[in-house]
Amino acid sequence: MGNLSTPIKVQKLQKALHAKAKAEPGYRFYALYDKLYRQDVMMHAYARCRANKGAAGVDGQTFEVVEQYGVLKWLGELAHTLKEERYEPQPIRRVHIPKADGKLRPLGISTLRDRVCMMAAVLVLEPIFEADLPEQQHAYRANCSAHDALAKVKVGLDSGYCEVVDADLSAYFDTIPHRELMLCVARRVVDRRVLQLIQRWLDCPVQESDQRGRQTRTTSSRDTGRGIPQGAPISPLLSNLYMRRFILGWQRWQASRQLGAQIVNYADDLVILCKPGQAQHALAAMRTLMDKLKLTVNEEKTRTCHAGREHFDFLGYTFGPYYSHRTGGAYFGLRPSRKSMRKLVEKLRDLTDPRLVWLDATTTVAAINRTLRGWANYFCLGTTSGAYRAIEAYTTSRLRRWLLKKHKSRRNGLLAYSYEYLFETLGLERLSGRRSKTPWANA
């Protein structure tokens, strides 16, 4: 399972589907269902799900259980169930994970068999819909990343699109209307069995346990005809597909098209870059279009601003006016946001919890390094030196306190564990030695 490169035969299938979709924008695919349970597609779908890890669903089945049973045998039985059209998805197990603002985000955990079937559908459907997605969308796409979206914003600001609609949608994933979403799918796919499969996944009941362990099952998604399960393998594809409707609507509607604004979208995050004096018109147009799409604009978090005078956050970065230490001149820049730094500090605090002093120091430092590298690999754009210094100072301080506690020492932390000891002996990651990247330089 270590090698996740797509098998050659699956690649050929995907390339053929993509080429057909790209060459004929009006073509509707009518024979896709039998591709879902092909052995090579199912095997790769399983490998992708295995790499994503994830907890067990309502049936309690884990990857370890499947591997003891025999992966090929298990996949063969699942493929046979699909082929015989006897497959029925099981309820989604709902858990709640804390958000930065103290609220809880509902996360749906499908069973392993449902995740593999959804991933098989993604492998077949994604190349078709990828051919239709506009350049404004950057999430969940091959050869696209959040860094590309950030670069688009930076280039747009530098090009004079300095008024910004900083948009926020209320519970985007939970409010996507099924009927309209299925129309988006059916515009390209007329295979009845594939459409029925997607509809069943959308209608899945949700099961959750209360504090006493009592289980309740709800069918709100089916009853309201809204929402896609967050955490399901097929949800990113469906969310992109529905957001595409907004972007196409914006491009075709005269009231928004004549503004000449630039949209940058990543999943449910959205900014609209405008020429001076146009932001309020763009905001009004966005509200109208979102209302037509039956989506809700979060008015508390949506605002307009001038990036030459105010800051705004997008994808964990803070954009706005910055000043050169060398020349004193103003420029449009970006840096890791305070919120993203706070989240990292919380992780580092957990890793250096005094209750974990029983761990080996090399184990703790290795965990800290993985966290720091992952964070710095993403937050490597724009003005990073101040954030890196602050995080490094916090990390060294916390690690010294942890080491003193571990060794039951009352010595001065700086004297007991010098920077040389932390960085050279223990191998702590040194963020201050990293340099910022500017991928928009050649954009």
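Mentor: Start with the side chains and partners. In this predicted model, Glu-180, Leu-181, Cys-184 and Val-185 of H9 meet Leu-238, Leu-241, Tyr-242 and Arg-245 of H12. By class, the contact of H9 with H12 has six nonpolar and two charged residues, and no polar ones.

Now the geometry. H9 spans residues 178-186, and H12 spans residues 235-252. Their axes lie 10 Å apart. The packing angle is about 95°. H9 and H12 are therefore roughly perpendicular to each other, as angles from 65 to 115 degrees count as such.

Next, the second largest pocket. About 470 Å³ of space lies in it. The pocket is lined by 14 residues, and Gln-14, Glu-126, Pro-127, Glu-130 and Ala-142 are the closest to its centre. Helix H1 (8-23) and helix H6 (112-130) each supply at least two residues of this lining. By class, the lining has four nonpolar, five polar and five charged residues.

Last, the aromatic rings. The count comes to 15 aromatic pairs. One of them joins Tyr-317 and Tyr-378: the ring centres are 5.8 Å apart and the planes stand at 55°, so the pair is tilted. The cut-offs matter here: planes under 30 degrees apart count as stacked, and those over 60 as edge-to-face. This pair links distant parts of the chain. Tyr-317 sits in strand E10 (residues 317-323), and Tyr-378 sits in helix H16 (residues 361-378). The two tyrosines are 61 residues apart.

Technical notes: Residues numbered from 1 in each chain as written. Predicted model: local features only at pLDDT ≥ 70, side-chain atom pairs only at ≥ 80, totals over all residues. Heavy atoms only, no water. Axes fitted to C-alpha atoms, helices over the stretch in contact; angles between N-to-C directions. Helix = DSSP H or I, 4+ residues; strand = E, 2+ residues; numbered from the N terminus. Parallel < 35°, antiparallel > 145°, perpendicular 65-115°, else oblique. Contact = heavy atoms within 4.5 Å. Nonpolar A, V, L, I, M, F, W, Y, C, P; charged D, E, K, R; others polar. 1 Å grid on protein atoms, 1.4 Å probe; cavity = no way out; pocket = protein on both sides within 12 Å on 5 of 7 lines; lining within 4 Å. Points joined across faces, edges and corners; volume = space filled by probe spheres on them. Phe/Tyr/Trp six-rings, centres within 6.5 Å; stacked < 30°, edge-to-face > 60°.
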